[in-house]
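Work through these exercises with the structure open. Each task is followed by a solution in steps.

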Amino acid sequence: MSERRRRGHCISAADGEGVKRCTEVASGNLFDFPIKAKAVSGRDSKQFPDKKRDSLRIHLSIPTLTEAVSEFISVYQRKGNLKVYQRKGKKKKRVLPQQQTFELPDEIVWEIMIRLPVESLARFKTVSKAWLAIISDPSFVRAHLQCSKQKQHRNPSHFLINPKFLLEISNADAFSTNIQFYQWCLQENMMRSTATLLYGRHFPTSEFGRVSDMAHCDGLMLLPTDTKVYVFNPATKDTIALPESQRNMMWHHRCLPVGLGLDTSTGKYKVARSFYRSRCSDPVEIVAMGMEVFTINGKHGSWRETLVDPPYPILSSQAATHYKGCLFYSIDKNNLQRPPHGLVRFSLADETFGVTPLITNIYPEVDHDDFFISEFDGELCCTYLCSHLQRVLVFTTRGVDHPKWSLRYLINVQSHFYPLVPLGSGRILLRGGNCLLGYNLEASEIEVGERFDMDEIRYLAPSQDTLGRAWENVLWFDLISYTESLVPVTPKLLNHIDTSEACSRQTS
């Protein structure tokens, strides 16, 4: 064990220098860390302007932080690894109570920081080089993501909303290029819900016309358009426009089918997009399609074609469902004599294709417009609207090659609704169009007062009052069960991050 690790590393350490002490003052869920840092000059003072001050106060409002710090302190005190100092307050007009100052080992610093929100960690990058190195480390990014997933699984109430609105209500081919992400937390009284602006990006007018449904993977958001594909990390305010490709040979009035997922073999995130190989637009012909892949933060920074093509044509204008390192696409059954009743499966690890069968014993048979594929509660989910039974059937499976579908829910609604997240206590959240329902599984009915439209949510930006924004020409809303992360989407710079720019973004 290194000398630095053995003697302990305070939360407030700046490159191992300065006073290695951290005073914890807990009042409810608010923590006030007075952090002493050594004043610096020259290049370091420009890179880390906050170190010019003798102390830095960081305010955190994290409900789990109280329990985390208390637990770690008690454990390390029993082991004898935590040094406790008694310090008397300076004499002033009134006597200050004595404070305990803790010297925390690196392990505790790590465990505390992976539990903090991305917004706080973004500020902490400017504290010191040591903190910048920790927060930027890929292993820390993975640990923070895993902790965020666990919190979302325990309490799946956090969502991201992206409104899609037209420039003119009469023109369905001209969407607004103002992309906004609102963070929304499901409350007990949904009628009084409020969403706050997390991140917005205004692209040049006419950069794209049509847009498709968004996809989400580990805090990254994928936006397909009729010209380009964009990937966002709303929590870190990070955005990348993927480069253009010349492989698509046929103009289409919709967006190309595309998906986003994690290649578990390399830990890289990939975007897979299908394209048309021929210019033929004859409605009676079967159009050949290929697949191209873009690796985020990869070596080449360009689209590359897969060695094999999809076994069946893929339905256009869809965002693939990501599950267990695979992307699942609906098949375009037009002009196919005997199309399979299943999904085209694309493995992100070896970039090969397969077909995942769907339920075959549903009567009457359903079209692709009557089922919805999603990831629900850690399983691959297929939701059918069965008009014959006037019910919604929800099937789930954990397998992808030879799935064993089992009926999980039989929902007593007669419209196109599908499950979003389980709410606990025998309840789930359903969505149909822009309508959300709180559904009681035991009573097989919609709960009283838990039905509302998404346009009834109050959408607030930092400069707006409590009344929120009134949307105009909204066509639909993307609603994503959201897990925030530090996963980067833009290539890392050779030098350190420009912290002065980061500070200006925080204060703007």
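**Exercise 1. Find what stands opposite Tyr329, and place it in its strands.**

Step 1. Tyr329 stands opposite Val344 in E20. This is a predicted model.

Step 2. Look at the strand pair. Strand E19 covers residues 326–330. E19 and E20 are joined by 5 bridges and pair in the antiparallel sense.

Step 3. Turn to the other neighbour. Val344 has a bridge partner in E21, namely Val355.

**Exercise 2. Trace the pairing between E20 and E21.**

Step 1. Locate E20 at residues 342–347. E20 and E21 run antiparallel and are joined by 5 bridges.

Step 2. Read off partners. Leu343 has Thr356 as its bridge partner in E21. For Val344 the partner is Val355. For Arg345 the partner is Gly354.

Step 3. Follow the chain between the strands. The hairpin of E20 and E21 has 5 residues between the strands. In this hairpin, Glu351 takes a positive phi near 55°.

**Exercise 3. Decide how covered E20 is, then classify Cys326 and Cys255 as buried or exposed.**

Step 1. Count within the strand. In E20, 6 of its 6 residues are buried, and the strand is mostly covered.

Step 2. Cys326 has a relative accessible area of 8%, so Cys326 is buried. Cys255 is at 2% relative accessibility, so Cys255 is buried too.

Step 3. Check for disulfides. A search of the whole structure finds 0.

**Exercise 4. Describe the whole protein chain in numbers.**

Step 1. Count the elements. The protein chain has 8 helices and 31 strands.

Step 2. Take burial. Of the 508 residues, 47% are buried.

Step 3. Take the surface. The protein chain exposes about 26,200 Å². Carbon and sulfur atoms supply 49% of that area.

Step 4. Take the contacts. Consider those between residues at least 6 apart in sequence: 56% join residues at least 24 apart.

**Exercise 5. Where does the model call for caution, and why?**

Step 1. Begin with the average. The protein chain averages a pLDDT of 77, and 71% of the residues score at least 70.

Step 2. Over residues 1–66 the pLDDT stays under 50. Over residues 493–508 the pLDDT is also below 50.

Step 3. Compare contacts. Residues 1–66 have 138 contacts beyond four places in sequence in the model. Residues 493–508 have 14 contacts beyond near neighbours in sequence.

Step 4. Draw the conclusion. Where pLDDT is low, the predicted coordinates should not be read in detail.

Key. Residues numbered from 1 in each chain as written. Predicted model: local features only at pLDDT ≥ 70, side-chain atom pairs only at ≥ 80, totals over all residues. Heavy atoms only, no water. Pairing = 2+ DSSP bridges. Helix = DSSP H or I, 4+ residues; strand = E, 2+ residues; numbered from the N terminus. pLDDT = per-residue confidence, 0-100. Contact = heavy atoms within 4.5 Å. Disulfide = S-S within 2.5 Å. Buried < 20%, exposed > 50% of the residue type's maximum accessible area, 1.4 Å probe, protein only. Areas by Shrake-Rupley, 256 points an atom, 1.4 Å probe, with all protein chains shown as cover.
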